[in-house]
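Let's take a walk through this protein together. Keep the sequence and the 3D view side by side as you read.

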Amino acid sequence: MAILKIVGAKNTGGILTCECQHIIELKRRGYTIDLAIVGNEGAFEKYSELGVNLHAFKYTNLEFSGNAIKKIWSVLRII
């Protein structure tokens, strides 16, 4: 099974740690992970070290707040 995770390169601290642990656990269970990284801030390098398929988007005005439709629309604007 393949999973697409969308993460922000601005993630730091607990969010970054949890995302990395989650990705490592999914890989351990045999999932294929595609990681869409939005932005090129500090966490970009940490995410790129996880050994997953990377898709980088330099666009940094992405909003993950709000309802599901708003989140999907925010992602589709950058494609």
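The paragraphs below go from the overall fold to the strands, then to the salt bridges, the cysteines and a surface patch.

A word on the ground rules: this is a predicted model, in which local features need pLDDT of at least 70 and side-chain atom pairs count only at pLDDT 80 or more, while totals for chains, interfaces and linings use all residues. Residues are numbered from 1 along each chain as its sequence is written, and side-chain values use heavy atoms, with hydrogens and water left out.

Start with the outline. The protein has three helices and three strands, where helices (H or I, at least four residues) and strands (E, at least two) are DSSP runs numbered from the N terminus. Read from the N terminus on, the elements follow the order β-α-β-α-β-α. Of the 79 residues in the protein, 30% are buried; here buried means under 20% relative accessible area, exposed means over 50%, and partly exposed lies in between (1.4 Å probe, protein chains only).

Now turn to the strands. S1 and S2 pair in the parallel sense over seven bridges, and two strands count as paired if DSSP finds at least two bridges between them. The chain gets from S1 to S2 by way of H1, in a right-handed β-α-β crossover. Right-handed means that, with the strands pointing away from the viewer, the path from the first strand over the helix to the second runs clockwise.

Val-38 has Phe-57 as its bridge partner in S3. How enclosed is S2 by the rest of the structure? Five of its seven residues are buried, so S2 is largely enclosed. Thr-32, found in strand S2, is partly exposed, at 41% relative accessibility. The C-alpha atoms of Thr-32 and Asn-53 are 8.3 Å apart in space, although the two residues are 21 apart in sequence.

Next come the charged side chains. How many salt bridges does the structure hold? There are three salt bridges, each a side-chain nitrogen of Lys or Arg within 4 Å of a carboxyl oxygen of Asp or Glu. One of them joins the side chains of Glu-19 and Lys-5 at 3.0 Å, N to O. Glu-19 lies in helix H1 (residues 13–28) and Lys-5 in strand S1 (residues 2–8), so this pair ties together parts that are 14 residues apart in sequence. Both Glu-19 and Lys-5 are buried.

Further along, Glu-25 meets Arg-28 in a salt bridge of 2.6 Å, N to O. Glu-25 and Arg-28 both lie in helix H1, three residues apart, which is about one turn of the helix. Glu-25 also forms a salt bridge with Arg-29, with the closest N and O atoms 2.8 Å apart. Through these shared partners, Glu-25, Arg-28 and Arg-29 are joined into one network. Glu-25 is partly exposed, with a relative accessible area of 27%, whereas Arg-28 counts as exposed at 61% and Arg-29 counts as exposed at 58%.

The structure holds zero disulfides, a disulfide being a pair of cysteine sulfur atoms within 2.5 Å. Cys-20 is buried, with a relative accessible area of 7%.

Finish on the surface, where Ile-72, Trp-73 and Leu-76 form a nonpolar patch with about 350 Å² of accessible area together. Ile-72 has its place in helix H3 (residues 68–78). Patches are made of residues with over 30% relative accessible area and no salt bridge; like charges are joined within 9 Å, and nonpolar side chains (Val, Leu, Ile, Met, Phe, Trp, Tyr) within 5 Å. The accessible areas come from the Shrake-Rupley method with a 1.4 Å probe, and for residues, only the protein chains shown count as cover.
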